[in-house]
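User: I'd like to learn how to read a model like this one. Could you walk me through it, feature by feature?

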Amino acid sequence: MKRYLNLQDFATPVLGIGLLLGVVIPVLLWLVERLFQLVVLSLLMKISLTGGGIVLGVLFLLIILEQIQDRILTRQVLQNRTRIPLKNGSYECPYCGNLALKSIDATCPICQRDLKPETDKPQPY
Ligand SMILES: [Zn+2]
């Protein structure tokens, strides 16, 4: 079974962690540092900024990879459309949804698009 990159449930919590580390904590530390004149907090601020930047950078790369993967998968699905067998023995057109296709139809009578044979085996001459 192939595994696919899917950030649907993963991206939101990681984005929250990245924004917390990269924006919220550094701003709070900066405010505390300004109010109380504590120089020591600037090191913590830099560490938090670096961590948040790394988390957001990795998330950005994963989003780009997922977009590329989805584009490739969509292209494969669109290129490999085949007629869909139905329980009553007829077929459904993958382009227009015509439910009255026969197994011998080379083109759809409704949308006039060419239909691939059911199998990838070469057709006899
Ligand atoms: Zn059709």
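User: Let's start with domains. Where do the bounds of domain 1 and domain 2 fall?

Analyst: This is a predicted model, and the domain assignment puts domain 1 at 11–79 and domain 2 at 82–117.

User: How many helices and strands does the protein have, and what pattern do they follow along the sequence?

Analyst: Count two helices and two strands. Reading along the sequence, you get α-α-β-β. The radius of gyration is 27 Å, well over the 14 Å that the globule rule gives for 125 residues, so the protein is more spread out than a compact globule. The principal axes tell you about the outline: the C-alpha trace spans about 85 × 25 × 25 Å.

User: What share of the residues counts as buried?

Analyst: Burial here is a neighbour count, with 20 or more other C-beta atoms within 10 Å as the cut-off for buried. By that count, 10% of the 125 residues are buried. For contacts, check how far apart the partners are in sequence. Among contacts with a separation of 6 or more, 36% join residues 24 or more positions apart.

User: Which residues of α1 are buried, and what covers them?

Analyst: The buried ones are G18, L21, G22, P26 and L29. Their cover includes α2, residues 41–79.

User: How do I tell sequence distance from spatial distance? What separates Y4 and Q67, and what separates L43 and A106?

Analyst: Pick pairs and compare their C-alpha atoms. Y4 and Q67 are 63 residues apart along the chain, with 11 Å between their C-alpha atoms. L43 and A106 are also 63 residues apart in sequence, but 70 Å apart in space. As for where these residues sit, Y4 is in the segment before α1, while L43 is part of helix α2.

User: Are Y4 and L43 buried or exposed?

Analyst: Y4 counts as exposed, having 9 C-beta neighbours inside 10 Å. L43 is exposed too, with 10 other C-beta atoms within 10 Å.

User: Last one: what is the average pLDDT, and where does pLDDT stay under 50?

Analyst: The average is 88, and 94% of the residues score at least 70. The stretch under 50 is residues 121–125, for which the model has one contact beyond four places in sequence. Where pLDDT is low, the predicted coordinates should not be read in detail.

How values were computed
Residues are numbered from 1 along each chain as its sequence is written. This is a predicted model: local features need pLDDT of at least 70, side-chain atom pairs count only at pLDDT 80 or more; totals for chains, interfaces and linings use all residues. pLDDT is the predictor's confidence in each residue, from 0 to 100. Two residues are in contact if their C-beta atoms, placed from the backbone, lie within 7 Å. Helices (H or I, at least four residues) and strands (E, at least two) are DSSP runs, numbered from the N terminus. The radius of gyration is taken over C-alpha atoms; the globule rule is 2.2 Å times the number of residues to the power 0.38. A residue is buried if 20 or more other C-beta atoms lie within 10 Å of its own, exposed if 12 or fewer, and partly exposed in between; C-beta atoms are placed from the backbone. Domain bounds come from an automatic or database domain assignment.
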